[in-house]
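I opened the notebook to record what I looked up, chain by chain. The entries follow the order of my look-ups.

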Amino acid sequence: MLVFLIRRLLQSAVVLLVMSLVVFTGVFAIGNPVDSLINPEATEQQREKTISQLGLDKPLHEQYFIFLQNAVKGELGTSFVHNRPAIKLILERLPATLELTISALFIAILFGIPLGLAAGLNPDGLIGRTISSGSILFFSVPTFWAGLMLIMVFSVQLNWLPTTGRGETVDLWGFRTSLLTLDGLRHLILPAVNLGLYPLALIIRLTASGVQETMPLEFMKFARAKGLRKSRIISVHLMKNILIPIVTVIGLQFSVLLAFAVVTETIFAWPGMGRLIIESINLLDRPVIVAYLLVVVTVFMVVNILVDIVYSYLDPRIRIGSM
Amino acid sequence: MTSQGEPALSVKGLKTHFFTKAGVARAVDGVSFELVPGEILGIVGESGSGKSVTGMSIMGLVDPPGRVVEGSVRLAGKELITATEEDRRQLLGNRIAMIFQEATTALNPVLSIDTQMIEAVKAHQDVSTRQARKIAIRALQVVGIPSAEERIKSYPHEFSGGMRQRVLIATALLNEPDIIIADEPTTALDVTIQAQILSETQKLCRERGTSLIWITHDLTVVAGLVDKVCVMYAGKIVERGPVDVILDRPKHPYTVGLIGSIPSMNTRGKRLSQIPGMTPSLLTLKPGCAFRDRCLRADERCLQDPPETWTGDGSAVRCFHPVEHPAKVLEESRRS
């Protein structure tokens with residue numbers, strides 16, 4: 001286990017290094033931020049001064065090495081626009097996005113697995129067919145449209161839930177969260193549902209197909225032959241077998257949602273990372289873009305390590321040492 | 001559980017059909033037999049003869065598109081076919097247990113052996129997990145698994161094929177059932193282990209007075225093991241009776257052919273006789289004797305269903321032209 005962790009952490013460090021090089025070069029190639037940052041009426045002297053202050057007068061490889069030196073110390077540069085450390089800007093917004101992502105996934109799992117089970121156990125019944133077609137709908141509906149519809153119905157027409165913002169927040173271990181106040185929760189429901197629709201559809205379909213693949217297997221018959229109760233056959237014999245692909249998808253979806261919550265955050269004016277990155281790309285705020293991508297990649301890798309550890313608990317044939 | 005004289009299991013007119021897109025396959029088509037307590041019955045037939053489906057039908061484990069369409073299965077007087085799901089659940093694994101054909105696929109790969117055995121005990125007995133584990137360990141010791149206390153924590157993939165099969169047998173024994181149905185449990189194993197498991201299972205059943213149904217395609221297995229034999233062909237029992245009668249004086253041409261195809265010391269160096277033709281498809285089965293296309297003795301009468309008739313030897317046969325001198329018939333078929 002320890003060997004596994006060390007090896008995976010080393011691999012992750014290499015990935016981060018390669019990733020930073022690619023991103024740094026990529027962002028450099030996109031365009032010159034100077035044009036959008038400096039007042040067009042500034043004198044040539046002022047211009048030169050700003051450029052050298054930002055360190056943009058040095059060649060690419062020198063800039064990269066300076067960046068690496070700082071990165072080792074935990075500094076990922078200073079935002080050109082906000083004039084504050086980029087990592088700080090991102091970490092300020094991260095909790096809001098995390099909160100949204102986790103709530104969305106929670107909703108997807110909470111409803112997805114039971115609905116998927118119901119659909120998989122009665123594939124030809126009315127309920128099964130309804131759930132299956134419903135999940136196809138959730139798959140296909142574009143996030144922005146679903147978001148607008150949610151606002152139309154629940155905020156504008158029914159006037160049940162607020163449309164935008166994060167609502168009242170409280171401090172929890174140094175982070176601000178809206179999970180603990182009623183107002184915060186009311187604000188969270190719509191964006192979380194909106195973001196959760198796609199993973200919900202995915203989990204429903206995975207669970208349903210897992211059920212249909214596993215039910216005819218011999219060991220399910222043997223479990224019945226032992227005279228086990230149906231509840232135990234489903235919750236133990238069936239679930240433990242179908243959870244492996246579901247956990248994989250949940251892990252992948254977590255990272256994907258975290259990185260691409262942009263649309264939902266924009267529609268619901270949710271103050272998360274997504275909006276920060278859109279602004280930064282528009283203004284070519286290089287340090288923020290680089291720092292954002294590195295943070296997302298880090299989360300991606302941490303989640304993947306966790307998924308692999310969960311695997312070994314779900315399937316005894318997978319040994320953590322051999323991964 | 002059963003009073004003297006009452007059969008432990010009685011199957012009457014059992015019909016299980018599979019409603020496939022290509023048509024209705026009558027996999028089991030009117031099977032009847034009885035089993036008294038402590039008796040060992042062999043059901044013999046080729047693949048596709050309906051012998052496994054018979055076992056599954058008794059257990060109520062036939063999945064769609066298959067369905068038991070007719071007949072009765074009485075376990076110690078209790079009807080199983082029409083029983084409610086809960087009533088049947090309480091009997092399965094408890095009074096009647098099944099040993100599956102392939103231990104590799106019958107055990108859940110992601111659950112440890114103790115989980116899979118303890119749950120089987122607790123489904124029928126009101127005991128603590130600790131006691132259930134003790135019962136499970138004892139059952140593993142009985143079937144000859146060394147250091148059972150340690151091994152019970154393992155997962156199925158950590159066992160060899162023979163050991164896995166023993167785990168299945170131990171699982172069947174857990175609640176000391178009255179009847180065990182064994183569906184070719186030794187086909188996937190080495191011959192030496194086959195023989196071991198065979199004799200051990202027989203010994204266990206004799207000691208406990210458990211009735212056993214041994215489903216197999218292998219007549220040689222049946223010879224030393226069972227009291228009675230049912231020979232199945234295309235969903236029907238074509239011949240049944242005491243094992244020595246069936247093996248020494250078979251009446252049905254199919255049984256004669258089956259016995260003739262077994263190599264033995266007497267046939268050494270000679271050509272083995274074989275049954276001409278192939279097993280008929282269950283989908284295109286015409287009325288009448290299903291064996292007639294492969295039978296040298298068939299005539300117009302065989303276009304009708306032969307009824308089951310009792311012979312003087314105590315066996316019953318479904319044939320209009322039962323064989324009187326099996327040895328002669330075999331000799332002829334070898335020459336032709």
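What is the strand order in the open sheet of four strands of chain B, and is the pairing parallel or antiparallel? I read the order as β2-β1-β4-β5, with antiparallel pairing. The model is predicted, so I treat each entry as a reading of a prediction.

**Entry 1: the four-stranded sheet**

I checked the edges next. They are β2 and β5 (78–79) of chain B, and each pairs on one side only. I then went through the pairings inside the sheet. β1 (residues 9–20) of chain B runs antiparallel to β2 (residues 23–35), and the two share 10 bridges. I noted that β1(B) and β2(B) make a hairpin, with two residues between them. At that end, T20(B) has G23(B) in β2(B) as its bridge partner.

On to the other neighbour of β1(B). Here β1 pairs with β4 (residues 66–75) of chain B, again in the antiparallel sense, over eight bridges. I found F18(B) opposite G66(B) of β4(B).

P65(B) sits in the loop between α1 (51–59) and β4 of chain B. A76(B) lies in the loop between β4 and β5 of chain B.

**Entry 2: the eight-stranded sheet**

I moved to another sheet of chain B. This open sheet has eight strands in the order β6-β7-β8-β3-β9-β10-β12-β11, and its pairing is mixed. β9 (residues 228–233) and β10 (residues 236–242) of chain B are antiparallel and share six bridges. V229(B) has G241(B) in β10(B) as its bridge partner.

**Entry 3: the record for chain B**

I consulted UniProt. An unreviewed entry there lists "domain: ABC transporter" at residues 11–259 of chain B. I checked that span in the model. It is 39% helix and 27% strand, and its end C-alpha atoms lie 26 Å apart.

**Entry 4: the record for chain A**

UniProt (unreviewed entry) places "transmembrane region" at residues 12–31, 100–122, 134–156, 188–208, 242–269 and 289–314. I tested two of these spans against the model. Residues 12–31 of chain A are 95% helix and 0% strand, with end C-alpha atoms 29 Å apart. Residues 242–269 of chain A are 86% helix and 0% strand, and there the end C-alpha atoms lie 37 Å apart.

**Entry 5: where the chains meet**

How many residues does the contact take from chain A, and how many from chain B? I noted 21 residues from chain A and 29 residues from chain B. The buried area between the two chains is about 2400 Å², and carbon and sulfur atoms give 58% of that.

I then looked for polar links. There are 13 residue pairs in polar contact between chain A and chain B, both residues at pLDDT 80 or more. I also found three salt bridges across the interface. One of them joins the side chains of R224(A) and D63(B), at 3.2 Å from N to O. On the side of chain A that touches chain B, α9 (218–225) and α10 (230–259) each supply at least two residues. By class, that side of chain A has seven nonpolar, three polar and 11 charged residues.

Methods. Residues are numbered from 1 along each chain as its sequence is written. Chains are lettered from A and ligands numbered from 1 in the order in which they are written. This is a predicted model: local features need pLDDT of at least 70, side-chain atom pairs count only at pLDDT 80 or more; totals for chains, interfaces and linings use all residues. Side-chain values use heavy atoms; hydrogens and water are left out. UniProt positions are given in the numbering used here, feature names are shortened, and annotations may be inferred rather than shown by experiment. Contact means heavy atoms within 4.5 Å. Buried area is the accessible area (1.4 Å probe) that two parts lose on being put together, summed over both. A salt bridge is a side-chain nitrogen of Lys or Arg within 4 Å of a carboxyl oxygen of Asp or Glu. A polar contact is a pair of N or O atoms within 3.5 Å; within protein, one must be able to donate a hydrogen and the other to accept it, and residues adjacent in sequence count only if both atoms are side-chain atoms. Ala, Val, Leu, Ile, Met, Phe, Trp, Tyr, Cys and Pro count as nonpolar, Asp, Glu, Lys and Arg as charged, and the others, Gly among them, as polar. Two strands pair if DSSP finds at least two bridges between them.
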